[in-house]
Amino acid sequence: MREEMLKIGIDYDDLLSRLANHEQLALKLLKKFLNDETINTIKQAYLNQDYDLLLKSVHTLKGVSGNLAMKSLFCITKNWVDDLRKENHATTDEFYQQCLKEYDFIYNGLKTIFDEGSQ
Amino acid sequence: MNKNIILVVDDIELNRDILCNSFEDKYEIKEASNGVEAIEIIEAYKDRLLAVLLDIVMPEMDGFEVMKEMNKRQLMKYIPVFLITSETDPSYLQKGFDLGAVDVITKPFAISFIKRRIENIIELYKHRYSLQQIVNQQIQRIQYQERELYDATRSIIDTLSTAIEFRDCESGDHVNRIRKITRALLNELVRNNEYQFTPRQIELIGDAAVMHDVGKIAISDQILNKPGRLTKEEFEIMKTHTIRGCELLENIEQLKKSDLYEYCYDICRHHHERYDGNGYPDGLKGDEISIWAQIVSIADVYDALISIRIYKPAFQYEEAMKMINDGECGVFNPLLLKYFNQVAYDLYQNYYQNIGTKNEKE
């Protein structure tokens, strides 16, 4: 499990240590991540150029990814939030692309792991 | 009271999940996704809340606003608030502490650590709360006992004074009237901002006034109950009732322990002093005489004039007032006389009306 998680950008050791080694809880939360709607809110806000909503939802995704030890995604969203707070919208397009890419990567990876697991 | 609820406040469900999961084995968990919901739950369960785990960035009402509101409603005293935030900016953290947070936990956190930190504080608060309860109960018990003690002391005073006054007064009512007149005058002075006395002090001084003539027990019947005027020598002996009274009071151990004692002693010794220095036993003058001794002087004179005594009939109200105001019974403090005049008629109506009627019939 550990290797598979690492491959999709999740620092599994870190995640477990922060959850007092409750592997069951960790997996439960990762599964829940697949149903998380935040990414859709980000997409909508981006399309509507609603920067307030964008800031809120990216901040949310930052929290989620931080908690789930998704290091890369956390890094992207953290930097994006900083820029959005400073009202630096020049970087938004770039961050949006990075964010989606990383998100899809993790999402698909997790889906595979859990689908295979349930077979 | 069953205190076992922890409130988790965060707009991100995942964060709430992690915290709930960590504490739900031992505690009942309530959740809120914004500040407004949080305040509602805190208000509803304030007696059962052990802790609030509070995020800062939330819609509707953020964590700082929640704490401000809690402060306004005095809810922080017994409920520890832990701020859980992803902010690392020191000014944020400082603000959190300034608003009363007991700890600030940065995200992402290690659950076993914060569990320990939170449970340590909860234990401390529980302990503090139960200590506070014990102290409150003790205070109540002490206050109750103090009251009982005071009532016992007052009982002694009343009994003693009534018995002593019984020898030369019509009845034991004199003692009660002096108490009431003393208190009425004190209240009048306070009402007009001339002096500051607490209600407790007024109660005490009133009771102390009751003992003003205990020294009469040392005066022989011949003198005390002589129907006519006293000779010079007899009067000198009579005057000693002030000092003899003090000697008696000094010997009552129970009384000496009480707050009453200082007032009793002073009044007993100085209720025959006069403002112009012509009183006895010490010849004190003006404001050398304590205001309460001055009040009891005037009360004593007033009562003596209006009641029947062995050596005189009862005077009418108008006559008594004239004698006092004209200085026929000694010189009194002009300020005190002014306020005495303001209350004298009410006192007459309340306490002497019956006596007056009785005299007219005779």
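Q: How many residues of chain B are in contact with how many residues of chain A?
A: This is a predicted model, in which local features need pLDDT of at least 70 and side-chain atom pairs count only at pLDDT 80 or more, while totals for chains, interfaces and linings use all residues; side-chain values use heavy atoms, with hydrogens and water left out, residues are numbered from 1 along each chain as its sequence is written, and chains are lettered from A and ligands numbered from 1 in the order in which they are written. With contact taken as heavy atoms within 4.5 Å, the count is 15 residues of chain B against 16 residues of chain A.

Q: What area do chain B and chain A bury between them?
A: Buried area is the accessible area (1.4 Å probe) that two parts lose on being put together, summed over both. Of the area buried here, 62% lies on carbon and sulfur atoms, and on the side of chain B the residues that lose the most are B:Ile12, B:Leu14 and B:Pro108, together 32% of what that side buries. The value for the two chains is about 1,500 Å².

Q: Which residue of chain A meets B:Glu13 in a salt bridge?
A: A salt bridge requires a side-chain nitrogen of Lys or Arg within 4 Å of a carboxyl oxygen of Asp or Glu, and the rule finds two of them across the interface of chain B and chain A. For B:Glu13 the N to O distance is 3.1 Å, and the partner is A:Lys32.

Q: Which element gives the largest share of the side of chain B that touches chain A?
A: Helices (H or I, at least four residues) and strands (E, at least two) are DSSP runs, numbered from the N terminus. The elements of chain B that give two or more residues to this side are α1 (13-23) and α5 (111-165). The largest share, six residues, comes from α1(B).

Q: Where is B:Glu60, a residue with a positive phi of about 70°, found in chain B?
A: B:Glu60 has this positive phi although it is not a glycine. At 68% relative accessibility B:Glu60 counts as exposed, on a scale where buried means under 20% relative accessible area, exposed over 50% and partly exposed in between (1.4 Å probe, protein chains only). Its place is the loop between β3 (49-55) and α3 (63-72) of chain B.

Q: Which residue is joined to B:Pro281 by a cis peptide bond?
A: B:Pro281 is found in the loop between α12 (260-270) and α13 (291-306) of chain B. The cis bond has an omega of about 0°, and the residue joined to B:Pro281 is B:Tyr280.
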